[in-house]
Amino acid sequence: MLGIVFTEFMEMVEEQFSADVLDDVLESSNLSSDGIFTSVGYYDHQDMVRMVVALSKRVDVPVDDLIEAFGRHLFGILIGKYPALKGDYTNTLDFLESVDSTVHIQVLKLYPNAELPKFGCERLGPGHLKMHYSSKRPFSLLALGLIKGCGDYFGNALEVSFESSQSGEYHMTDFDIRQIDE
Ligand code: HEM
């Protein structure tokens with residue numbers, strides 16, 4: 001997993017909890033990278049899982065809540081870092097529909113080693129989008145947070161429900177997203 005995801009996670013832990021909490025998380029996670037990350041380096045995605053699990057124990061917040069909150073925070077960071085990816089989009093659902101075919105394709109050009117999920121989209125109505133997540137990595141709640149962060153960014157109120165399943169080594173989640181201010 002790309003280093004920026006780790007460095008931003010560590011920054012968020014320090015800001016929202018404290019530098020001591022971050023130190024404890026890094027010490028107790030048994031990271032393969034020894035806790036040294038650069039934003040353009042590449043690291044085992046299991047290290048992210050290990051850190052979130054350690055943080056969950058340290059601050060007594062469920063893992064799923066932490067990953068979702070991190071995704072929500074991360075969207076603002078990513079769009080701030082790559083503002084051109086916003087394109088001409090002015091609302092959340094149109095942007096979300098472009099993530100697989102445009103945004104992540106551009107990410108892959110910048111970082112050819114990037115390991116990205118696949119998203120299949122189906123528009124069920126003007127304010128209603130189905131998004132199907134599929135990945136070998138267990139980050140569907142990161143996707144949920146990113147979807148909500150996207151809503152925050154475009155100023156749209158969203159209602160999101162989802163159902164997850166697993167098939168072989170693939171983690172899959174169907175997101176049902178309604179933009180309720182349209
Ligand atoms: C400006 C917008 C975005 C940018 C620049 C971006 C970029 C990235 C980058 C750099 C990674 C890490 C790749 C790696 O570790 O190798 C990533 C992973 C990921 N992205 Fe995006 N992303 C964006 C928007 C979104 C949105 C809106 C969603 C959700 C619908 C999403 C879902 C994910 C997920 C779930 C992963 C984790 C990898 C996995 O699940 O397999 N991204 N993205």
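Reader: Which residues of α3 are buried?

Author: This is a predicted model, in which local features need pLDDT of at least 70 and side-chain atom pairs pLDDT 80 or more, while totals for chains, interfaces and linings use all residues. Residues are numbered from 1 along each chain as its sequence is written, and side-chain values use heavy atoms, without hydrogens and water. Helices are DSSP runs of H or I with at least four residues, strands runs of E with at least two, numbered from the N terminus. With buried meaning under 20% relative accessible area (1.4 Å probe, protein chains only), the buried residues of α3 are H45, D47, M48, M51, V52, A54, L55, S56 and V59.

Reader: What do the buried residues of α3 pack against?

Author: Contact means heavy atoms within 4.5 Å. The buried residues of α3 pack against α1 (3-16), α2 (19-28) and α4 (63-81).

Reader: Which residue caps the N-terminal end of α3?

Author: The backbone nitrogen of Q46 lies 2.9 Å from a side-chain oxygen. That oxygen belongs to the capping residue, D44.

Reader: Where does the ligand sit, and which helix gives the most to the shell around the ligand?

Author: A cavity is a set of points on a 1 Å grid over the protein atoms alone where a 1.4 Å probe fits but cannot get out, and a molecule sits in it if more than half of its atoms lie within 2 Å of its grid points. The ligand sits in the largest cavity. At least two residues of the shell come from each of α4, α5 (92-110), β2 (128-135) and α6 (140-154). The most, 6 residues, come from α5.

Conventions
Buried means under 20% relative accessible area, exposed over 50%, partly exposed in between (1.4 Å probe, protein chains only). A polar contact is a pair of N or O atoms within 3.5 Å; within protein, one must be able to donate a hydrogen and the other to accept it, and residues adjacent in sequence count only if both atoms are side-chain atoms. On a 1 Å grid over the protein atoms alone, a cavity is a set of points where a 1.4 Å probe fits but cannot get out, and a pocket is an open set with protein on both sides within 12 Å along at least five of seven lines; lining residues have an atom within 4 Å of a point.
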